[in-house]
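Please keep the structure open beside you as you read.

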Amino acid sequence: MKNRLALALALALGLAAPSFAADKPAQPAPTAAKADMATNPFAKPSTLPFQYPAFDKIKNEHFAPAFEAGMTEHRAEIDAIADAKDAPTFDNTIVAMEKSGQLLNRATTVFFNLSGANTNDDIEKIQSEMAPKLSAHQDAIALNPKLFARVQALYDKRDTLGLDAEGKRLVERYYTDFVRAGAKLSEADKAKLKGMNAELATLQTQFSQNMLKENNASAVIVDSKDELKGMSDEAIAAAAEAAKQRKLDGKYVIALQNTSGQPALAQLQNRALRERLQKASVTRASHGGEFDNRAIVAKVAKIRAERAALMGYENHAAYTLEDETAKTVKAVNDRLAQLAPAAVANAKKEAADLQAMIDKEKGGFQLAPWDWSYYAEKVRSEKYSFDESQLRPYFEYDNVLKNGVFFAANKLYGLSFKERKDLPVYNPDVRVFDVFDADNKQLAIFLVDWYARDNKRGGAWMNEYVSQSGLFGTHPVVANHLNIPKPPQGEPTLMTFDEVNTAFHEFGHALHGMFSNVKYPRFSGTSVPRDFVEYPSQVNEMWMTWPEIMKNYAKHYKTGAPIPQELVDKVVAAQKFNQGFATTEYLGAALLDQSWHQIKANQAPEAAGVLDFEAAALKKAGVDFAPVPPRYRSSYFSHIMGGYAAGYYAYIWSEVLDADSVEWFKENGGLSRKNGDHFRQTLLSRGGSVDAMQLFKDFRGRDPDVKPLLERRGLTAK
Ligand SMILES: [Zn+2]
């Protein structure tokens, strides 16, 4: 996942309400509102290398004054542009906007990164208070008629301005951003739009804050070690440690991951506990109580539908998809419908194998959702004669990071990494690396924040503290976040296959940010369409199991012995295993997302009807296969409350490009500097400065082919 909050300006102009979001607006922030900006660490760019944030100086009380001062400053800059007597030029209008809002950008970038990675009560209160204010601030810019008139004038004569390709694209991008943000609406409709945006910002904040609290509240507490039979020693130690953190010494806490499925389900022998864990997961935020999200989900869907109608679109999906590479609702629906029947058929075949295993063991029960992972592991170990637990000793944190993720980047791009301990961090678990290019020039700073915490949202994501831009001469400061359970002091961190895969995935986003070589901040790094942004990160996953890479990092944490070739072969061979399940649960979520965003306002249910709406949507799409629940259910589907609304299909959409690119690497000899440099040159360094599908063509030499994806997911005609 890519967290898209970095660029305050992009955010300022996007209609899609930001994926931060808010609580009841009343609570005053715990700050002295008129604190002196002179001593505020956001007042000036950080003097640390690459403008790395001065985390040691940044305190909660600095945020609200910096936001207020930042909005005032930004508004003054924008007014000066809009009210200028001079005729509009590219420099005095478009470039001036690119340069505006820096104080606000510095403060919001750090704030929203911390609200995801290391939040606290103060941050949550500030977030609740600021969400509607920031939304209003964005609208005040995007809906300023004098400003838009200047943008429109430049857009109309863009071919005669003597601009280079990136400059011309910037004019077009600004024009599109303004129009999509409502610049062409009547003043009465603009007022309605502002109200909707503010309400959405508040609802979304409330959703994300509920999620964090509900995840913690729903964690499964286990009284005795006996019940945990089947779990690895490391996982048991992590569960004991998690209990200790909550002052439940002697007990065990199985923390919940964001997804419906939970890793422990693959290991727990105790069927009753599996059922308890699974149910705790899938009923999250929909069983009543303080953190129930059903009313928010229903309201957000309704307001988005109303807003889309106001903007002249059939529904929210139509509005969103127009600006993606998919372009239309039909294109997305067709793709999902093309994949769903074969995926569900595969899942049903897999279910039959699992049932056979249950029967062979004389289980005497029908396969239920909480049995899937557990019996899949058994079938996997029978078919491929290995299971997850054999891999984990070879997936030690430091080995994976330095000898895997970094090593692959060295082989492909010539990068080298040096850890530094002198820069401040917001949590002691965070590690900081200088990143050097092949010519030993420093390229970026990279933060590694891989451990789970109760004050960190679930899932995995990349974000940027500083984005590359030629205009400002800035270099990237990029972070990766995972949620690996932290072992007790002194114990090794042994990762699962999925966690290692996620580490490679997120680093693919990091490369996209670090290699950025564009002039304008609007186009920096990952500022590409949502259904394109996952593509480079997915490609980077291929190196996880690439034999030369795997042999280099997958070394036994005790003996240092490399992973046996035989085991590598088995892992590679097993990659198509359980794909029916994986594809079905993914498509379930993707179709659910589309269902919520392809309705008219009057079709949105009440809070009490949310689960029925969900069930009906899955049934209609033909993905209502009970043993395989959607990867996320509506009440804990954070993606679609935030920036992936009507956009969760993006993962499989971009996987077409990914699978086709993996073929390219294979056709051209795989792991090599030559191949890496070609990918970097044609695609990773270009950010959003060129049309996304053109970038793909520049890299691949032709349009994408869907066959490699169908092959990978086992969806080809039988
Ligand atoms: Zn991603």
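This is a predicted model: local features need pLDDT of at least 70, side-chain atom pairs count only at pLDDT 80 or more; totals for chains, interfaces and linings use all residues.

**Notes for a first look**

1. Phenylalanine 406 and phenylalanine 417 are both buried. Their ring centres lie 3.7 Å apart and their planes meet at 5 degrees, so this pair counts as stacked, the cut-off being under 30 degrees. Phenylalanine 406 belongs to helix α16 (residues 397–413), whereas phenylalanine 417 sits in strand β3, eleven residues apart.

2. A second ring pair is worth a visit. Phenylalanine 665 and phenylalanine 699 have centres 6.1 Å apart and planes at 40 degrees, so the pair is tilted.

3. Ring pairs join Phe665 and Phe699 into a cluster with Phe532, Tyr535, Trp543, Trp546, Trp664, Phe679 and Phe696. The count of aromatic pairs comes to 48.

4. Next, please look at the sheet. Five strands form an open sheet with mixed pairing, in the order β3-β4-β5-β7-β6. The edges are taken by β3 (416–420) and β6 (461–466), each of which has a single partner strand, so one side of each lacks a neighbour in the sheet. From one strand to the next, the twist averages 30 degrees.

5. Helix α4 (residues 102–117) lies across β5 (442–451), β6 and β7, and runs at about 150 degrees to β6.

6. Now step back to the whole chain, which has 27 helices and seven strands. Its radius of gyration is 25 Å, close to the 27 Å that the globule rule gives for 718 residues, so the chain is as compact as a globular protein of that length. The C-alpha atoms fill a box of roughly 85 × 60 × 55 Å along the principal axes.

7. Of the 718 residues, 59% are buried. Among contacts with a separation of 6 or more, 77% come from residues 24 or more positions apart. The chain exposes about 27700 Å², and carbon and sulfur atoms supply 51% of that area.

Definitions and conventions
Residues are numbered from 1 along each chain as its sequence is written. Side-chain values use heavy atoms; hydrogens and water are left out. Two strands pair if DSSP finds at least two bridges between them. Helices (H or I, at least four residues) and strands (E, at least two) are DSSP runs, numbered from the N terminus. Axes are lines fitted to C-alpha atoms, for helices over the stretch in contact, and angles run from 0 to 180 degrees between N-to-C directions. Contact means heavy atoms within 4.5 Å. The radius of gyration is taken over C-alpha atoms; the globule rule is 2.2 Å times the number of residues to the power 0.38. Buried means under 20% relative accessible area, exposed over 50%, partly exposed in between (1.4 Å probe, protein chains only). Accessible areas come from the Shrake-Rupley method with a 1.4 Å probe; for residues, only the protein chains shown count as cover. Rings of Phe, Tyr and Trp (its six-membered ring) pair if their centres lie within 6.5 Å; planes under 30 degrees apart count as stacked, over 60 as edge-to-face and the rest as tilted.
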